[in-house]
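Hi there,

Here is the structure I promised to pass on.

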Amino acid sequence: MLKHLSRVRLFALVGGLLLATACSAGSGQDPSAPYTDGVEYATIPGPAQRYSPEGKVEVVEVFSYGCIHCDHFAPYAEKLRQALPKGVVFKLVPAPFSAEWLPFARAFYAAKKLGVVDKTHLELFKEKFDQHYPMNTLDELADFYAREGVNREEFLRIATSDAVTQQMKSDLALIQKWGVTGTPTIVVDGKYRSADVHNFDQLSALTQWLAKRELAAK
């Protein structure tokens with residue numbers, strides 16, 4: 001089962017471990033629904049906390065370039081992104097769950113700022129896990145982006161900037177509020193978090209179902 005695929009300690013960027021607990025299935029659960037609240041997904045306690053104020057239904061993958069399960073899910077996630085209906089937006093949020101994962105989070109924010117995520121996202125996974133390039137430090141990641149045509153010095157400047165540090169802290173705080181403890185995890189509209197799914201096909205199908213249900217509700 002894929003629940004909490006990569007269990008890692010939360011890196012103390014914002015201090016403390018404040019994980020929300022998943023809700024169990026309520027008495028109003030629709031018996032005809034293909035998935036059960038408290039089993040395949042969990043309703044996140046409290047008011048919805050979206051990643052951005054954008055009006056579309058929001059699908060967020062919490063991931064890390066240091067997570068081999070995220071590498072395995074990446075092609076599924078790309079197909080999912082392309083298959084989502086109009087009115088639904090797919091976003092990536094890196095999880096700085098450990099000191100080892102910090103460089104990967106910084107690299108993502110820099111790549112996003114430089115506008116190269118679409119070009120480099122799958123390729124980074126491929127080089128790290130399939131081709132076994134040494135990509136664990138920020139310098140090694142800078143070498144990768146330089147091979148992809150990015151200015152190495154500019155990449156490092158952005159990746160180590162105060163703005164990226166603050167973004168990382170803010171995103172980690174939100175990930176904690178969502179109750180995410182492993183990667184890859186999908187969060188839909190800041191309301192629902194994937195939980196005990198059996199494979200990546202089911203994770204993709206669950207995401208589609210939750211997104212379409214949210215879209216219909218709007």
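**What I found**

Gln208 sits in helix α7 (residues 200–217); helices here are DSSP runs of H or I with at least four residues, numbered from the N terminus. Gln208 is buried at 14% relative accessible area, where buried means under 20% with a 1.4 Å probe and protein chains only. Beyond four places in sequence, Gln208 is in contact (heavy atoms within 4.5 Å) with Leu80, Ala83, Leu84 and Pro85.

Please keep in mind that this is a predicted model: local features need pLDDT of at least 70, side-chain atom pairs count only at pLDDT 80 or more, and totals for chains, interfaces and linings use all residues. Residues are numbered from 1 along each chain as its sequence is written, and side-chain values use heavy atoms, leaving out hydrogens and water.

The average pLDDT (the predictor's confidence in each residue, from 0 to 100) is 89 for the chain, and 86% of the residues score at least 70. Over residues 7–27, however, pLDDT stays under 50. Where pLDDT is low, the predicted coordinates should not be read in detail.

Val150 lies in the loop between α4 (138–147) and α5 (152–159) and is buried, at 11% relative accessibility. Leu114, Val116, Tyr145 and Phe155 are its contacts beyond four places in sequence.

Best wishes

Conventions:
Helix = DSSP H or I, 4+ residues; strand = E, 2+ residues; numbered from the N terminus. Buried < 20%, exposed > 50% of the residue type's maximum accessible area, 1.4 Å probe, protein only.
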